[in-house]
Amino acid sequence: MDELPPDQPTASADEWRRALEKVVPCCVVLKVTQTRAFDTEPASSSYATGFIVDKSRGIICTNRHVVTPGPIVAEAIFLNREELPVHPVYYDPVHDFGFLRFDPSKLQFMQVQEVPLAPEAAAVGLEIRVVGNDSGEKVSILAGTIARLDRDAPHYGRKGYNDFNTFYLQAASGTKGGSSGSPVIDSKGRAIGLNAGGKNKAQSAYYLPLERVVRALALLQQHWPLGGQLSSGWSAACISRGDLQSTFVFKGFDEVRRLGLRQETEAVVRLAKARSHGAPDAGGAQLHTVGLLVVEATVPGSPADGVLEPGDVLVRVQGQVVSHFLMLEELLDAAVGQTIELQLERGGKPLTVQLPVTNLHSVTPNAMLELAGGSVHALSYQQARNNRAVVGQVYVAEPGYMLGRAAIPKYALLTSLDGVPTPDLASFAAVLRGLQHGARVPLEYITFGERHRRKSAILQVDRQWYGVPLYWVRDDAAGAWHPSENWPPLPPGVTDPAAARLLLPKVAGHSAQQQQQQVKANGSSGGREVLREDVEEALKNCLVLVDVDIPLVALSDGVHARSFAGNGLVVYHGEHLGLVLVDRNTITIGTCDVNLCFGAHPAEIPAIVRFLHPLHNFALVAYSPAALPAEARSKIRAAQLKPEIPAIVRFLHPLHNFALVAYSPAALPAEARSKIPAAQLLTSPPLARGERCMLVGLTKSLRIMQRRSTVTNATVALTIPSAEVPRFRAVHEEVVKLDQDFGATFSGVLTDDEGRIRALWGSYAEQVDREEREWCAGLPTHVFAPWVQRLVAQDATRISAPPLPVRVMDAELEAVLLSKAAQLGLPAEWVSLLDELDPERRQALRVRSTVANSHAAQLDPERRQALRVRSTVANSHAAQVLRSGDMILAVNGQPVSSFTDVESVIAAAAGEQQAAAAAAAGTGSVAAAAAAAVDSTADAAAAAARPAKRPRSSNSSIADGQQDVHQQQQQPSVTLTLFRSGCVMDCQVGLGQEDSLGTDRLVHWCGAQLQAPHRSVKELGFQPEGKAGVFISRWHHGSPSHRYGLFALHWILEVNGQPTPDLESFLKVVAPLRDGDFARVKVCHLETTQHKVRRLCGGIESLHSGLAHLRGSE
């Protein structure tokens, strides 16, 4: 199409210098943050370039994919490093250009100029310069030469933005990220194109011609009086844009002949005057075309669908020969809302059709529905064209929490909700508005990859974590988005949203049944030993499948995923309360949503987290039996039944946290006696090596899986390394290993032949070389059984209750062989004593964390080990007293060689001091006082039998002053017998206390998720000086934190020079800050321990700058 112009004169270096001196000050660096996923763009933060095209009004030209169709927060950085906020004022529905505006009066230290637009100057062979922010450089100038004026629009992929129905300029000038929106200038300092994209491998760049940019700018200026304000009635629709919802491509005559173009038609077209980018007349000669526009595709459901066909050759529009995109667009833009006549040729036959011209702004969404952290809106023309779909359907730009729980993928189309068709966003919002929190309704959808297969899911309505859905509408005049909760408006006379949705039509023949994937269970093969049918049925009645979903706004404590699933065990099933035992790789944190699906009956109900052990791999969730159908309540059995009849105390263990009560079965009703389950917790004796047991669990299809296995090791000491992002890891655990199991992720329980529970077969996770690895092991019942009893005794009349405190020693222990301990200088008498205590392991323990569970007078023939200090919790009393490498020989005078030994003594000491405090307050019980007396006698006997200590050297003494301060605080403590630096010594260590629900408060500020440092962070052994109680655990894409680098794994120490030792003080400091204010934030990184200062500026107030508090899911 393009005639070669006369030789272009080569500009001198002085000319280019003068041109750049004028253009460079007009270019700005744009920092753009898209706060929500919308249309083709995800939530993100990036840099780009823009240039001033109207200095009086403050209009900046840049790319459409920089302005983006969604909500953004943006600033422009000028050449003198001044920074001003900019707001979107227009973006083209199809072509890759848009305008931002700033207030020129706010620019204090420089006079801005503007770059004139000269699309007519584009010509093949023209020398150009691309001025902008390239690859992060603030000012970059790249040279090139225009090679083509008629390149096809670049295609960036099916899921993103693509320009079409236009030619592009092409030059050999490789531009990179950050140069989007750069002006392409000639030697006179005029912009002849807009940098849009490139191909790095070919060192080619693509520039958008400026004819349509000039038109749009002129129309914008008409609505914006010079020296005045932009009209309040301004909208993008003021710039008329017409389209046939069809894609055209340019084909040369050699190709259109093969499509059937008649010779006489070609002759007429060749003689007609053509259009081209650049000068309309090159050297005074008239331009002639070398091809025609051909229909490539039409959008389904559009007026052109079924009228135009791929391969149709466009000859005339409204009687004019059209051979260039410029001519077509001019005619369509002038006929928006009207009908035009097209003359085509199809297979050599002439064809005339009448088509209405679509307003492009009507098929470009300007609103979205934000629900549970996700966003849905009408399907745009862009995505409809990319994926051949009908414009206006309900499109999922980001699933968020609620849709994500239902496994609705990104880019899905929602077709019906709760049996009601949802052809558009208003109908979907109307149905959703009428649903209550917790409602479960069917949802139908399709995906572009499987558009011919309609899929269904169950949507659980959530109002707890994110509140009600918000309807956001773009305001082009203000360059902002405004929210509303009352959308769509209720019909006149209707006040109840649930009643309004009854007016909507139902889907004919809609089925509300959810399609479930049937997972085939591996049945037992011939010759394999299996449980009796009655025992298997009883176990099935006390097993459940546990599904856990965590909203993004509550993803705390370093959790590495948002959904988990595993097996659970019903350990209590009363009238008002039910408890399910599950591993902590399934229930990771307390701020989550839990669903239980019972093996006894097809019922699914929600549950809440009731207990999270801070050290061990188990948790307890509570459910309400009243929420179950009557048949399910009668079938479900607990692994431990506590009869609600009079009973007497028969036994109180002096050290361990359990008791035995006796009751008369005759006092039970006959029906109750018959319902006592076969599955019962067996706390004694523990599993031993070589013992046979059954591994039992539920598959996803709620079928029992069982396998006879042999215990290969019943006391495997776990050592799970810290993850890259600190999170819960089980410590001080000795687990059971089997010779055969069902794989790395299948959890369940270990039972004997009578169905009695011997261990929880739980899932564990660790990070190896930054990759997640899962495996399963058995947690003996004696670890979790006491906590089940304590929760039931605490309050069995409701599912929620205050968290139970857990006393721990803030140190981590690891095992070391006794032979190594002897080489390190451990006295021979202690080596002999620990060898007798544990003749199999023959190892000692170094401090990593302390767990104990045996009486000093009882010998342990299984373990031959000692305990050694590996690390301590930061800012704890143990950190002040203990040192890494200390060997723990005894606790409160009782020799210890295992984690269980240490934990038992700590539990007894904490219980004794608690009972003493209660007795001092007048509330102590006779049982507690008796237990305390027995503990004291046992401690004295153990101290008498303990080997004598070596003299303490002066350089290994522990400061008594620290102990005095600690004792004054009346904190429960234990006396440790340590081996350090060749000496055996005693020291008193205070016990820490952990909350059994974990983190229960979060603050979201500028897109950063703040919380108190959780235990996994403290276990790393570092905390900034002073009280550092504000820790960043997550940050969100498209937020001010993303933009300014306020990332996770940092402590916030100060805001605007004021200390923030905890969340309360932090909230007081930031409360006076308004939207858009800058804040100076002092942070300290967890890994590098380096202090840094960040400068933050809040974004859109209603989107990011507000504060949000989250409590636990009680």
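1. Strand β3 (residues 59–62) and strand β6 (residues 98–101) run antiparallel and are joined by four bridges. Within this pairing, Thr62 has Gly98 of β6 as its bridge partner. The model is predicted.

2. These strands belong to a barrel that six strands close in the order β1-β2-β3-β6-β5-β4, with antiparallel pairing. On average, neighbouring strands of the sheet are turned by 40° against each other, direction ignored.

3. Helix α3 lies across β2 (44–54), β3, β5 (83–91) and β6. Relative to β6, α3 runs at about 40°.

4. Helix α3 (residues 211–222) also meets helix α6 (residues 325–333): their axes come within 11 Å and cross at roughly 25°. Angles under 35 degrees count as roughly parallel, so α3 is roughly parallel to α6. On the α3 side the contact is made by Glu211, Arg212 and Arg215, and on the α6 side by Leu326, Glu329, Glu330 and Asp333. By class, the residues of this contact are six charged, one nonpolar and no polar.

5. The whole structure holds 21 aromatic pairs. In one of them, Phe78 and Phe102 are edge-to-face, at 5.3 Å centre to centre and with 70° between the planes. Phe78 sits in the loop between β4 (72–77) and β5, and Phe102 in the loop between β6 and β7 (127–132); the pair thus links distant parts of the chain, 24 residues apart. Both Phe78 and Phe102 are buried.

6. Elsewhere, ring pairs link Phe611, Phe618, Phe784 and Trp787 into a cluster.

Methods:
Residues numbered from 1 in each chain as written. Predicted model: local features only at pLDDT ≥ 70, side-chain atom pairs only at ≥ 80, totals over all residues. Heavy atoms only, no water. Axes fitted to C-alpha atoms, helices over the stretch in contact; angles between N-to-C directions. Helix = DSSP H or I, 4+ residues; strand = E, 2+ residues; numbered from the N terminus. Parallel < 35°, antiparallel > 145°, perpendicular 65-115°, else oblique. Contact = heavy atoms within 4.5 Å. Nonpolar A, V, L, I, M, F, W, Y, C, P; charged D, E, K, R; others polar. Pairing = 2+ DSSP bridges. Phe/Tyr/Trp six-rings, centres within 6.5 Å; stacked < 30°, edge-to-face > 60°. Buried < 20%, exposed > 50% of the residue type's maximum accessible area, 1.4 Å probe, protein only.
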